[in-house]
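User: Hello! I am new to this structure and would like to learn how to read its features. Could you guide me through them?

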Amino acid sequence: MTTFIVRRLLGAIPLVLGIATIIFFVVNLAPGDPADRFSSPSMSPEAREQIRVNLGLDQPIHIRYVRWLGALAQGDLGVSFSRNRPVTDIIQELLPNTLLLSFTAIGVAFVLGILLGILQAVRQYSLLDSIASIVGLFFYSMPSFWLALMMVLLFSLFASVWGWPIYFPASDIQSIDYAFLSPFEKVRDRLWHLTLPATSLALVLAAGIARYTRASMLEEIRQDFVRTARAKGLSERVVIFKHTLRNALIPVITLVGLYLPFLFSGTVFIETVFAWPGMGKLVVDAILQRDYPIIMGGSLVFAMMVVVGNLVADVLYAVVDPRIRYD
Amino acid sequence: MREARLARLILVAGLTVMMGACGGEGGASREAGPWMLEASLAEAGSGIPFCEEVTARVSAFMSQFEGQMPPSERHGGAVVVASIGEIPDGMNNHVSQDYTASQHQSFVNLMTLVTYDENQIAMPYLAESWEVSDDASEITFHIRDDVYWHDGELTDAYDVAYTFKRAIDPETAFPNAAYWTHYDQGPDGVEVVDSFTVKFRMRPHADYIDPWRATAIMPEHLLGDVPSTELRQHPYGTVCPVGNGPFIFVEHREAASWTFQANPAFPAGLGGRPYVDRYVYRVITEQTTLLTELLTGGLDVYIRPMPDQAQAVIDSDAVDLLQYPFRSYVLVGWNARRPQLADKRVRQALTRGTNRQEIVDALLQGYGTVANGSVPPFHWAYDPSIGRDAMSYDQDAARALLDAAGWVDRDGDGVRENAEGVRLAISIKYNHGNDMRQDIAEIMQAQLADIGVEVTPTVVEWGTLLDQIGQSPRDFDGVVMGWVVEYKLDDTDLFHSRNISATYAWSGTQRPDIDRFLDELPLVVDREEAKPLWSQYQELLVDEQPYTFFFFSDRLDGINKRLRGVEMDARGEWLNIKDWWIPADLR
C-alpha cells in the first residue's frame with residue numbers, strides 16, 4: 001500500500017507541473033494586463049510601463065516561465081501583484097480557512113447524508129422516505145450561492161430583526177473582538193461563524209450522499225447474506241449497521257475523495273457570500289485582476305488537492321473493500 | 001499525523017450543529033477598558049525582519065501611554081466600517097491610486113500636508129502654514145513639530161521632501177504622476193530649509209496645492225533605503241505599515257479586515273487622540289451580506305449600498321442613510337472616428353433620443369443627477385443650467401438632427417441610412433459583470449430604436465475592453481464607462497487634440513476652441529474669474545458631444561445610529577473619522 005501511495009504521489013508531480021504549465025501560458029497569454037487596474041489619465045504610459053518592469057512583466061514569456069519554474073523549485077511562488085505580499089504567505093493565511101470550511105462541510109454532509117440514506121432505505125416507500133426524497137432533491141437542485149443568501153436572510157437578518165433565540169453572524173470567520181477572547185470563547189466564536197457557511201455547503205452535498213446511500217443500502221439489503229443474518233436471529237440493528245451498512249458504504253466512502261475538488265469550486269460562492277477569507281475567492285479575484293502569481297499559486301494548490309483527493313478515494317476504496325489490493 | 005488532524009476536523013464538524021443552538025447572543029461585547037495596547041499589535045508581520053523590527057519599536061513607543069485613561073466620556077468603543085473591496089496597496093502611498101487606500105492614507109493611518117474644507121479650500125493639517133512667492137513659482141511649507149511616526153520618530157521636512165522625490169522618481173512608477181506636472185521635477189525642485197520647513201519650485205497653476213491634499217507623507221527613516229523599483233512589493237504597504245496619523249496600524253487579515261487603534265500621541269492641536277479605541281475596516285464582497293451586517297448591528301458604516309438597498313436602510317430604525325453628490329459620472333463615449341458617428345449632430349441626436357432622467361430614476365432609484373458635462377455637482381465650477389435645455393430628452397429634435405445630418409430611413413426597414421447606403425447601426429460596448437452598464441446599453445437600444453438607430457449592446461471582458469477602446473484601431477462605436485474626477489479637474493487627456501492618439505482620447509475630439517480652454521483653464525487661479533470660463537468650456541462639450549454624459553450618481557452610505565459626529569461628503573467617507581464617537585451605553 002505504501003509503495004502504491006508513494007508511486008501515485010511521484011506520478012502526480014509531472015501531472016501537477018503539466019497543469020501548472022498550461023495554466024501559466026493560458027493566464028499569461030490571455031488579454032489584459034496586471035497594470036490595467038491603475039488605468040487612469042493621471043497615470044502616464046511611462047509609469048505603466050515602469051510598473052510592468054517592476055513586476056518583471058517586461059520579460060518575454062518563456063523567460064518568465066523559466067524563472068517561475070526556478071523559483072517554484074525553491075518553494076517560492078513569487079509576490080502577488082495586487083496584494084503586494086509573498087504568495088506563500090497569503091496561501092498560508094487563507095488555505096486553513098478554506099480547509100476548515102470544506103472539511104467541516106464534508107463531515108456534516110456525510111454524517112447527515114448517510115444517516116438519512118439509511119433511514120430512507122430501511123423505511124423504503126414510507127411517508128418519511130418520500131418526504132426525505134423531496135426535501136433532498138430540493139436542496140440538491142439548489143444553487144449553493146442562492147441557498148447561502150437565503151441562509152443569511154433567514155438566520156442572520158430575520159433572526160436578528162425579529163428577535164429569534166438563535167442568531168448567526170453573516171460574515172467573516174471571527175468577531176472583531178476575537179483577539180480579546182479566552183481560548184474557549186475563541187473556539188465557540190469560530191464555530192458560531194462557521195455554522196451558516198458550513199451548513200450551506202453541507203446541505204447540498206448531504207442531499208446527494210443520502211441518495212447514494214439509499215440506493216446502495218437497498219441493493220445490499222436484498223442480498224442473500226442479509227437474509228442469512230436475519231435468519232440466524234441477529235437483531236435488526238446489527239443486521240443493518242454491522243452487515244448491510246458496511247457493504248453499502250463502499251461506494252459512498254469513495255465519494256469523499258471525489259467531492260473534494262467539487263467542494264473547492266463550491267466554496268468560491270460560499271466564501272463570497274459569507275465574506276469567508278479563503279482560497280476560492282482569492283483565486284477568482286486574482287483572475288479578474290490578472291494577478292498571475294496568485295493564480296499560479298492557487299491553481300497549484302487546487303491541482304494538488306484534486307490529486308490528493310483522488311488518491312484518498314483510491315486508498316479508502318482499498319480500506320473498505322478487502323477485495324481490492326494495490327500491489 | 002495527517003489522518004489525526006483530519007479526524008479532529010471532522011469532530012469539529014460534529015460539534016458545529018450543537019454549538020449553533022447555544023451561540024445565541026448578538027455578538028461578543030465591544031467593551032473597552034482604560035487605554036490599552038492591542039495584543040496583536042506586537043505580532044504584525046512576524047517572520048519578516050523589517051516588520052518585526054518596526055512593530056517592536058511601535059510597541060515600545062506606544063507602551064508609554066499604556067493605562068492612561070481616555071480624557072473624556074466620548075472616548076472608547078470600536079467602530080466597524082465595511083465595503084466590498086480590499087485595500088489593495090494598503091498604506092503605501094508611493095504606489096497606490098485606489099480610493100479606499102487613499103482615504104486611509106489621508107485620514108486614518110497617515111497624514112497629508114493639507115486637507116480641504118467643504119468648499120475645497122486648503123486647510124492646515126501636517127503643514128501648519130504655507131506661503132507662495134509673489135510670482136507663484138515657489139511654495140514654502142512649515143511642518144508641525146509635534147507629529148510623531150508611530151515608532152516614535154518625529155515627522156519632519158525631510159519626510160516631505162523624500163515623499164516628493166519618490167513620487168517623481170520614474171522608477172517608483174507613481175500612479176498619479178499628473179499631480180506634479182506643474183512642479184519642478186529637476187534637482188532644484190525641492191529644498192529642505194530647516195527640519196520643519198520645505199520649499200518647492202513650480203509653475204503657476206490654479207490647483208497648485210491639490211497634490212498636497214492627495215499625497216500622504218511617507219516615513220523616510222523606514223523606507224529611505226528601499227530601491228524605488230521594490231517599493232510596490234515592500235511589506236510596509238500591507239503587512240506592517242507605520243504611519244503618523246490618528247490611527248495606528250494593528251493587524252491586516254488578508255481579504256478580511258484591517259484593524260487600527262487610536263493613536264494616543266496624535267497632536268492635541270489637531271484634536272488629540274481619536275474618540276474610538278479601535279477602528280476596523282472589513283471586506284465583504286456580497287452586498288446582501290453587507291446590508292445584513294449593517295441592519296443586524298455588525299457594522300457601523302456600510303460604504304456605498306446599492307441604490308436598490310437604500311429603501312431598506314431608510315426603513316430600518318437602527319440605521320440612517322447618508323446621501324451626497326460625489327465625484328463620479330457615467331458616460332457613453334462615442335468614437336467619432338467612425339463614419340456613423342463623425343457628425344456631431346448624430347452624437348447630439350443619440351443624447352437627445354435617450355431619456356436619461358428615466359434611467360436615473362430606474363437604475364439609481366433617483367439617487368443621481370443627469371449629467372451634461374464633466375464638472376460634477378460637488379465642484380465649485382459646477383453649473384446645473386449647462387446643456388439642460390440643449391440636451392433635454394426630445395425625440396422629435398433627435399429625429400430632426402439625424403435628418404439634417406443626412407441619415408434617413410431610405411428602405412423602410414426602420415433603420416436610417418446615409419446617401420451611400422451605410423446603415424446607422426452602432427454597437428455599445430460595456431464590461432462584463434457590470435449590471436448597471438448593461439442596463440444602460442439595453443435601455444438605449446430600446447429608446448434609440450424609436451428614432452431609427454440600431455444599437456447592439458455588446459459585452460466585453462474589462463481588460464479586453466480597455467485595450468479595444470484605448471488602442472489603435474479603436475474597435476468600438478460606443479462604450480459605457482465611468483470616470484471618477486479629482487478636485488484638480490483636467491480633461492486634457494480626454495479631449496485635447498494634442499492627445500488624439502493617446503489612450504483616453506476615446507472620442508478622438510479635435511476642436512481648437514476646446515483645446516484653447518483646456519490650455520488656459522489650469523492657469524486661472526481666481527475662482528470667480530475661472531467659473532464663467534468653465535461654463536463656456538462646458539457649453540462647447542455640449543455642442544461637441546464626445547460623450548453622452550449620463551449621470552452623476554449620488555454617494556450613499558448606511559450609518560448605524562449609535563455612531564455620532566459623522567461627516568461625509570465628496571471628500572470621502574473617512575474625512576473626520578477621528579471625531580466619530582459612540583455613546584458609552586451603546587458601545
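Analyst: Gladly! Let us begin with helix axes: an axis is a line fitted to C-alpha atoms, for helices over the stretch in contact, and angles run from 0 to 180 degrees between N-to-C directions. Helices (H or I, at least four residues) and strands (E, at least two) are DSSP runs, numbered from the N terminus. This is a predicted model, in which local features need pLDDT of at least 70, side-chain atom pairs count only at pLDDT 80 or more, and totals for chains, interfaces and linings use all residues. Residues are numbered from 1 along each chain as its sequence is written, chains are lettered from A and ligands numbered from 1 in the order in which they are written, and side-chain values use heavy atoms, leaving out hydrogens and water.

User: At what angle do helix 1 and helix 3 of chain A cross?

Analyst: The axes of helix 1 (residues 2–29) and helix 3 (residues 61–73) of chain A cross at roughly 140° and come within 11 Å. Angles under 35 degrees count as roughly parallel, over 145 as roughly antiparallel, 65 to 115 as roughly perpendicular and the rest as oblique. Helix 1 and helix 3 of chain A are therefore oblique to each other.

User: Which residues meet there, in helix 1 and helix 3 of chain A?

Analyst: Contact means heavy atoms within 4.5 Å. Among the residues of helix 1 of chain A that meet helix 3 of chain A are A:Leu17, A:Phe24 and A:Phe25, while the helix 3 side includes A:Tyr65, A:Trp68 and A:Leu72.

User: Now a sheet. In what order do the four strands of the open sheet in chain B lie?

Analyst: Strands of a sheet pair through backbone hydrogen bonds, either parallel or antiparallel. Two strands pair if DSSP finds at least two bridges between them. In chain B the order is 4-5-7-6, with antiparallel pairing. Strand 4 (127–132) and strand 6 (190–194) of chain B each have a single partner strand, so one side of each is left without a neighbour in the sheet. Strand 4 of chain B is joined to strand 5 (residues 138–143) of chain B by five bridges; in one of these strand pairings, B:Ala127 has B:Ile143 as its bridge partner.

User: Is A:Asp172 buried or exposed?

Analyst: Buried means under 20% relative accessible area, exposed over 50%, partly exposed in between (1.4 Å probe, protein chains only). A:Asp172 counts as buried because its relative accessibility is 3%. A:Asp172 also has a positive phi of about 70°, although it is not a glycine. A:Tyr125 has a positive phi too, of about 65°, but A:Tyr125 is exposed, with a relative accessible area of 67%.
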